[in-house]
Every structure is written in C-alpha cells, then in structure tokens.
Amino acid sequence: MDTYENEREQMVTHQIASKGVRDERVLAAMRKVPRHRFVPMDARPYAYVDSPVRIGRGQTISQPFIVALMTELLDVQTEHRVLDVGTGSGYQAAILGELAAEVFSIERHPELAETAEEILSELGYENVQVVVGDGTRGYAPAAPFDRIIVAAAAPSVPQALLDQLASAGRLVIPVGPRYSQRLEVWDRQEARFKRSTNIPVVFVPLIGEEGWED
Ligand code: SAM
C-alpha cells in the first residue's frame, strides 16, 4: 500500500482500460508497479498523468497507455526470457519483471542504467538485469529471447534483434521516420518472419549501429 495507489487505479481505469487494453495480467502489473519511483523527485506530481515524463539525459518514461499497449502486444508468458531495449527509467523493465521469468534491459546511457538498476533492486526485482550497451545489436550473451521490446524509434528493424528472437518469438518496436512511427509486431516461426503494424506513435530515436546516428 502506498499513497499513490489511488492514482494508479485511476490511471489504469481512465487511461489504459478505457482505451482498449484488456489483458488482466498487464492491468494488474500497471496497478502494482510504483511508477512514481521511476521519475525524478521534482516530476513525481506528474508520474501518473496521461503523457510521457522527462527522466534526464533528454529522455522520457513513456506514456502509461503506450507502456500497457506495447506490453499487451508483446504477450509475455511467465516462462519467458525478455529483452527490453531502452531501459530509461526502468519502469517498463519492472512491468516486464512482474510478467516474465527473466528480463534483460539494455540502455546506452550509463547514468540512466545505474539509476534504473538502483530503483529496480530497491523494489526487489531480482529477475531484472540492467546492462549498458547498444541495444540495436541486441544482447548476444543472453540470446535468444522469447520476447523483445524496443522503447525507442528505429529507422528500420535492426537485423540483430530479429536474429536474437527465439523460434515462436515476438518483437514489438516503433519503426519509421524521426518524428512519426508505427508500432510493428514481428513474429518468428523458425526462419520465417511475419510483420503486422499497429497504431502511430512518436518515440525518441534509437541511436546506435543499426539505428540512428548520434
Ligand atoms: N522504457 C523506458 C522507461 O520505462 O522509462 C523508456 C525508454 S525512453 C522512451 C528510450 C530509451 O532508449 C532512452 O533511455 C534512450 O537512452 C534509450 N536508447 C536509445 N538508443 C538506444 C540503444 N541503441 N541502446 C539502448 N538504449 C537506447
């Protein structure tokens, strides 16, 4: 029980369930994870509003609805090993930590990774590991992954992420030009990939070898 529990309930009811996210496991995780712990102190009053919130280094924690929608699209099962590209605040990693067996979360800014790791460990997410690196190249030491989620916009889907998907794996990623993208869902069956597109979105750029230039 914390003082933000009511705000979380309002967030789930009015920003997430009302916009069509139905997966009860996702809604339960969004009710449970203390989102305010992942934003800087001075931004806490805005932790549960219906928009992204700045977290430093020019980065943001995504809007609650987008986190919920992407998590629902990812269809995470309890036995899954998940790669989360773009740790940022660590909030999405915590949501995944509620749903999956093991989560590897990769962030290119060491300071953000360090802060996220501290909060995740304070909150007891022992199944979440934060690493520093270029997530456009995936995370080979722990591959393959049942699920991969990317929280930054790619000009095209990084081949390394497709390569590191397990068979029957799924990747959710925003793809498109710098200021307007679409969420794409990639399903792998053995060596075949099927792509479907979802809603338009705007994400910060995925910067790296198979992404945008810095
Ligand atoms: N999922 C995060 C959360 O819950 O707070 C929000 C992610 S924020 C919208 C996007 C993050 O992707 C930023 O922290 C940014 O530094 C990171 N990023 C961008 N390019 C990256 C790359 N190639 N590898 C890893 N992280 C990257």
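1. A polar contact here is a pair of N or O atoms within 3.5 Å. In Gly 135, a polar backbone atom is 2.7 Å from a nitrogen atom of the ligand. For Ile 207, the distance from a backbone N or O atom to a ligand nitrogen atom is 2.6 Å. The ligand taken alone exposes 600 Å², and the protein buries 99% of that; these areas come from the Shrake-Rupley method with a 1.4 Å probe.

2. The model is predicted, with local features requiring pLDDT of at least 70 and side-chain atom pairs pLDDT 80 or more, while totals for chains, interfaces and linings use all residues. Numbering starts from 1 along each chain as its sequence is written, and side-chain values use heavy atoms, leaving out hydrogens and water.

3. Around the ligand there are 26 residues, each with a heavy atom within 4 Å of it. Ser 89, Glu 107, Asp 134, Gly 135 and Ile 207 are the closest. By class, this shell holds 10 nonpolar, 13 polar and 3 charged residues, with Gly counted as polar.

4. Strand E2 (59–61), helix H4 (91–99) and strand E4 (102–107) each give the shell at least two residues. E2 has the largest share, 3 residues. Helices (at least four residues) and strands (at least two) are DSSP runs, numbered from the N terminus.

5. The ligand takes up the space of the largest pocket, meaning that more than half of its atoms lie within 2 Å of the grid points. A pocket is an open set of points on a 1 Å grid over the protein atoms alone, where a 1.4 Å probe fits, with protein on both sides within 12 Å along at least five of seven lines; lining residues have an atom within 4 Å of a point.

6. The volume of the largest pocket is about 610 Å³, the space filled by probe spheres set on the points. Its lining has 36 residues, and Gln 59, Thr 60, Ala 151, Ala 152 and Val 204 are the closest to the centre. E2, helix H3 (64–74), H4 and E4 each give two or more residues to this lining. The lining comprises 17 nonpolar, 15 polar and 4 charged residues.

7. Two backbone features deserve a check. The peptide bond between Ala 143 and Pro 144 is cis, with omega about 5°; Pro 144 is in the loop between strands E5 (128–132) and E6 (145–150).

Conventions:
A polar contact is a pair of N or O atoms within 3.5 Å; within protein, one must be able to donate a hydrogen and the other to accept it, and residues adjacent in sequence count only if both atoms are side-chain atoms.
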